[in-house]
Amino acid sequence: MQKPLSTNRSFWLIWPFFLFFIFESNVIFAQTLPDTLQTTENDTIPRAEEALQDTIPPALQDTIPEAPGAEPALDGTDPQVPQTRQADRQAAADAVNFQARDSLTFNMRGQRVAHLYGSGNVKHESGELSAGVIELDLNKNQVHANTTTPQDTLSYPVLRQAGKDLRSTRILYNYRTEKGKFEAAEIEMPDGYLIGTQVKNISRNEVFVEDGIYSTCPPDHMYYYIKARRMKVVDEEEVFFTNAQLYILDIPYPLVFPFGYVPAGIDRRRSGLLEPTYVFQNTSDRGIGLQNLGWFQYINDYFTAQTSFDVFTSGTVFNESRLQYRKTGSFNGNIVLGYSSERGLEPTDPGFTESRTRRVAITHDQQLSPYANITANINLRSADYFQRNSFDLDERAETSTTSRISYRYNHPEGAYNFSVRSNLNQQFNTNTTRLTGPEMNFSLRQFSPFQRDRPGIAEESWYERISVSYRNNFRSQYNFVPLAREDAEVNWFEALLDPAKYREATGDDRHIRYGFEQRAQISASQLIPSQFLNISASANYTEYWYPTSTRREFIEEENRVETRTDRGFVSARDFSTSLSFNTTFYGISQMSIGNYEGLRHTVRPNISFSYSPDFSSDTWGFYREVQTDTLGNTQTYSIFQDEIFGGPAAGEQQTMSFGLTNVLETKRVRRDSTGEVSSQNMRLIDNLSATSSYNFAADSLNFGRVNVSLSSSVVEGLRFQAGATYSFYSRSETGTEIDRYIWQDSNKILQPISYNLSLSTNIRRGRRGSTRVSTPAYRPYDPYDQTFFGPIDGRFNSQPVQDFNSTFEMGLDFSYRWTYRFGQEATKRAVLNANNIRFNLTPKWSVSTRIGYDFIEGELTPSQFSLQRNMVCWNLSFQFNPFGDFQYYSFRLSLTGGQIQSLFQKLPGLNNLERSSSPTGRRPPTGF
């Protein structure tokens, strides 16, 4: 073994030749680190540039030819062609940089071999090699690296390429051809680790492994792995193997795979089989089955598709197919088709039943231009589709479905807005359907016709504050309310296409109703210049256009009133005016309580007057009178009562509305130890308001309802809201209000109608990222080591106790409602809901749940619990719902990552790693 250069006195003799070699070669750079234990001597050697200028004659520099096209020799070595310093700098990108922390020796006599000791490092554009001992052969473009001693694991050779490390006990590597051989190497892949006793790298993209082990677990905790006689890795993603066997806890699985393939780097752009899971549901129409058996198809960067099946031994089949599409910045959406055929027993058995459910769901969002877009959310399904096929509590609780489609256009300069929309609502519990649309809305931007062109020159006049707004609305509507709600033979869609079937099912002649409404408003604010009082006025005009109207006629022979539809264009109009006053005043107190100093009370009273004439008078012609019986009694009705927008209201309105809003604030003052004062404004009451009205033109029941509301967030993190509704009047024996104040008949001032109260808060404890999670060293299983099953763990108390500070999150909501019912006990509802509860039992056990309790019914609301355990490369999850009518559980033990987890679900005995009492719902597709 050669002595280190730092102690070899001949080093000073070869140093000029060494410098000459470095600056004349186009591929070699060297750096030595002196022994830090010795005192550094003064540098008496001139700089490299000065030494070259002294040793190389200028004439010689002109006679050296350049050989940019020189090719390497057949044995892999480079032809040694002298070059200029300019060419040397241009070739520096392909240079070899090497250094050593302890010592470095270099052989100059033809072989050009360097030996690096103590944390040696060699860099080249093809990779970087670090090891305890490195032999660098510049003639062969080859490095040979190993450890200083076999026991020194810290000096193991590590080859780094493209940010990935390859660790081995011995490395022989050619940095030109990127070929190499490795012993006992570890290769880190995107979805796992590969360990082999003999590894040969024939190129950067192709590696052969002998006696290889593949696992997604880290090398120190390989709880499972695939061991194969030979393996081949392509592009660090795909793994091919022969004569492989699966090991779990070092116990071999009794099945040998003659050949196999692991798509380690599979992504969502590849098609393939969906992973089926075992399902058991203890009902006669389900039983044992497979869930999520299907295929995922990647079509292109814009489209993906998926179809999956649930198949049960009873013959029940469920299928859901999904198509997703997306173009970034333009459109996106998906189409879902669902179908289930549920059956129990055999067709020849008594009581045999078979039911089918269907579903069509379409979502689409497209930006047509910067000013226009179209959105659609269509949901059509059978009434019991989710009850039969979904185990999501929110979906199972749905008793209705809503579909929407809309188009919106905004003028680039905001001059107007235009929109078209359509809504479909189905109520399954009442078997009613309402289709609204197409509905078109158009609105102009509010403008001031008398506003001056150059504001701010003089004081603004009252008429300059007049503003005008206009909008119109066209709406069509289809209502399907069958006479036989539960036994209707005609569905809503058939009745929509055939007016005769609609008339037969509903008994109504109005198949589709439509109309046109337009509104104009003129308003003016601050009519009287005042900094204390704001007076504003407005006038509203509304016009209705309809193609039909209603007529009633008394049939004396049958003693009944017949209603018919009179076809023909009719129009109506109404108008109203209003005048409002509002102001703000304050009350201030200097009282102090603890750290709270001062109190400010803000009061905002408002009063408004509105007027509209009686449009039921004969002058307008909007109302008619009809005889109702043979006694001569009559009734007034509106000819627009069945139209889509209705019509002008009956009765004169001279209404005064009044209200009062209060805000209560204080200041929190704090003083630190230095006497510095800091203050913070806070609200004790955010809003305390009361509103009511009085109609001077009404002949009875002039007072309207009194509405009181209160909201506050004075307690940090707690939101409080309360409300109440009261009536001034007593009630008759039938429960209707009469024109008599309640205090005249009882000791009450007001009759309570309803109360409501809500409290909500979010609770969070602990600090994120404060929990240290450590995994004990892996203990290989040895059947001859009986201490493995001993009652005492040999590693007990080998590590200090971890500082555990779990993060706890929870949303807490409480709501209470009381509603008055005449002659009966009031209805009450008090529910406490704990939503989004998440916390860690241990650093690796996490719990999430939601739960609620109804204090009136005295029972728990439907809840869900989920437990998860992180086990290095495994994930254990358990979900269950122990309360309510729908109770289920689901257990799953799966690999954390890697596509190899599908192998466990297909092997006999290992597919029991997942159990459930029922399916856990449809899984989201593997999409974009």
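A hairpin joins β4 to β5, with 2 residues between them. The model is predicted. Strand β5 covers residues 127-137, and its antiparallel pairing with β4 is made by 10 bridges. One of the facing pairs is L116 with I134, the latter being the bridge partner in β5.

Rolling a probe the size of a water molecule over the atoms shows where empty space is left. How many cavities of 30 Å³ or more are there? The count is 2. The largest cavity holds about 70 Å³ of space. Its lining is made by V122, H124, S126, G127, E128, L129, V143, L159, Y173 and Y175. The elements that give two or more residues to this lining are β4 and β5, the strands joined by the hairpin described above. Strand β5 gives the largest share, 3 residues. Sorted by class, the lining of the largest cavity has 6 nonpolar, 3 polar and 1 charged residues.

The largest nonpolar core has 41 residues, and the members that touch the most others are F98, L116, V122, L136 and M231. The largest share of this core comes from strand β13, residues 224-234, which gives 5 residues.

Which residues does L136 contact, once its neighbours within four places in sequence are left aside? They are V96, F98, R112, V113, A114, V122, Q142, V143 and Y175. Among these, F98 and V122 are also listed with L136 as core members that touch the most others. V122, V143 and Y175 from the contacts of L136 are also found in the lining of the largest cavity.

Elsewhere in the chain, R503 gives a view of a helix. R503 is located in helix α8, which spans residues 499-506. Is R503 buried, exposed or partly exposed? Its relative accessibility is 41%, so R503 counts as partly exposed. Not counting residues up to four places away in sequence, R503 touches D508 and D509. R503 and F480 are 23 residues apart in sequence, and their C-alpha atoms are 9.9 Å apart in space.

The last step is the protein chain as a whole. The chain has 9 helices and 48 strands. Of its 928 residues, 33% are buried. Among contacts between residues at least 6 apart in sequence, 51% join residues at least 24 apart.

Methods. Residues are numbered from 1 along each chain as its sequence is written. This is a predicted model: local features need pLDDT of at least 70, side-chain atom pairs count only at pLDDT 80 or more; totals for chains, interfaces and linings use all residues. Side-chain values use heavy atoms; hydrogens and water are left out. Two strands pair if DSSP finds at least two bridges between them. Helices (H or I, at least four residues) and strands (E, at least two) are DSSP runs, numbered from the N terminus. On a 1 Å grid over the protein atoms alone, a cavity is a set of points where a 1.4 Å probe fits but cannot get out, and a pocket is an open set with protein on both sides within 12 Å along at least five of seven lines; lining residues have an atom within 4 Å of a point. Grid points are joined across faces, edges and corners, and a volume is the space filled by probe spheres set on the points. Ala, Val, Leu, Ile, Met, Phe, Trp, Tyr, Cys and Pro count as nonpolar, Asp, Glu, Lys and Arg as charged, and the others, Gly among them, as polar. A nonpolar core is a set of buried Ala, Val, Leu, Ile, Met, Phe, Trp, Tyr and Cys residues joined through side-chain atoms within 4.5 Å. Buried means under 20% relative accessible area, exposed over 50%, partly exposed in between (1.4 Å probe, protein chains only). Contact means heavy atoms within 4.5 Å.
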